[in-house]
Amino acid sequence: MVKSGEHPHEVEITEPCDAEIQVERNVASFVDEDPNFDYHDTPPNFDDEGCGEKFVRLKKGSGQLQFKQVFDTLKDFKECLIDYALKGGYNIKLDRWGKEKNGVVCSMDGCHWRCYCSFHNPIGKWVVKTYEDDHNFTPDGYCRLLKSGVVAKMFMDEIRTNLDYSPKTIQYEVQKRFNIMITPDVCKKAKKKVIEMIHRDHLEQFSRLRDYKDAILATNPNSTVELDTIIGDDGSELFRRFYVCFDVICKLWSMWCRPIFGINGCFLKSTFKGQLLASVGRDAI
Ligand SMILES: [Zn+2]
């Protein structure tokens with residue numbers, strides 16, 4: 001007996017078997033292909049119709065699946081599955097992933113819907129080799145394909161521009177946009193993943209500032225670029241401030257502008273905060 005509002009597969013969601021954990025790990029970490037599976041010994045570009053066999057190529061984002069449908073990468077196949085699930089509200093789940101044969105089945109008990117894709121050597125692309133398009137039941141309002149990694153990707157931009165974007169809003173938006181329920185736990189994990197990704201991005205960008213300085217000086221000789229750093233408690237070098245004045249701007253300002261300039265500033269709202277200052281000059285007119 002299932003209580004109203006309680007998902008019949010809830011126990012399975014919270015206690016997945018080993019195979020499901022592996023599948024979830026592959027999806028959540030955005031690892032779309034088995035790194036040990038070598039399929040690159042095939043022609044990268046091939047005329048799909050050149051070998052006499054007919055294949056179907058559908059527009060990305062259509063949310064449609066077909067037998068003999070072609071995908072350039074396994075990532076494209078996964079995105080198509082997510083589009084399909086979101087469009088129809090189908091509760092499908094990954095069955096095997098990161099192997100030679102990858103696919104999804106329907107989560108609903110007794111439903112035989114399934115779709116498998118494998119690498120087709122003659123054309124060097126991924127092809128849907130098995131497709132049973134027959135859902136026995138109407139959607140139940142859940143989608144097991146929507147793991148936190150997938151949800152994180154869906155809300156990356158929203159969270160990037162507003163770090164206060166709450167897990168509750170994510171849950172509400174998914175319900176509103178796709179009529180699909182996801183658990184608060186999935187929403188929380190999704191937000192955490194986005195924050196981690198943003199943090200990783202920032203760290204990588206800061207670590208490249210010296211390269212950025214060199215690139216500016218190489219492409220804009222005689223410019224002034226100052227990168228100031230401090231040493232942190234753990235002995236690592238940390239960013240303090242960065243100043244740049246392009247040579248052409250400096251010359252033109254002194255030639256054409258009044259010898260007065262103002263400073264415009266704003267506070268940065270990102271994880272690392274800080275202040276961005278820009279000098280503003282006015283020409284002689
Ligand atoms: Zn089904």
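A residue is buried if 20 or more other C-beta atoms lie within 10 Å of its own, exposed if 12 or fewer, and partly exposed in between, with C-beta atoms placed from the backbone. The model is predicted: local features need pLDDT of at least 70, side-chain atom pairs count only at pLDDT 80 or more, and totals for chains, interfaces and linings use all residues. Residues are numbered from 1 along each chain as its sequence is written.

**View 1. Asp76 in helix α3.** Asp76 is found in helix α3; helices (H or I, at least four residues) and strands (E, at least two) are DSSP runs, numbered from the N terminus. Asp76 counts as partly exposed because 16 C-beta neighbours lie inside 10 Å. Trp126 is 50 residues from Asp76 in sequence, and the two are 9.3 Å apart in space, C-alpha to C-alpha.

**View 2. Ile180 in the loop between α6 and α7.** Ile180 has 20 C-beta neighbours inside 10 Å and therefore counts as buried. Two residues are in contact if their C-beta atoms, placed from the backbone, lie within 7 Å. Leaving aside neighbours within four places in sequence, the contacts of Ile180 include Gly89, Tyr142, Leu146 and Val174. Pro139 and Ile180 are 41 residues apart in sequence, with 9.2 Å between their C-alpha atoms.

**View 3. Packing of helix α6 (residues 167-178) and helix α7 (residues 184-207).** The two helices pack at an angle of about 115°, and their axes are 8 Å apart. Axes are lines fitted to C-alpha atoms, for helices over the stretch in contact, and angles run from 0 to 180 degrees between N-to-C directions. From α6, Pro167, Ile170 and Gln171 make the contact; from α7, Pro184, Cys187, Lys188, Ala190 and Lys191 do. These residues divide into 5 nonpolar, 1 polar and 2 charged. Ala, Val, Leu, Ile, Met, Phe, Trp, Tyr, Cys and Pro count as nonpolar, Asp, Glu, Lys and Arg as charged, and the others, Gly among them, as polar.

**View 4. The largest nonpolar core.** A nonpolar core is a set of buried Ala, Val, Leu, Ile, Met, Phe, Trp, Tyr and Cys residues joined through C-beta atoms within 7 Å. Helix α3 gives the largest share, 7 residues. Not counting residues up to four places away in sequence, Val151 touches Leu146, Ile170, Ile182, Val186, Cys187 and Ala190.
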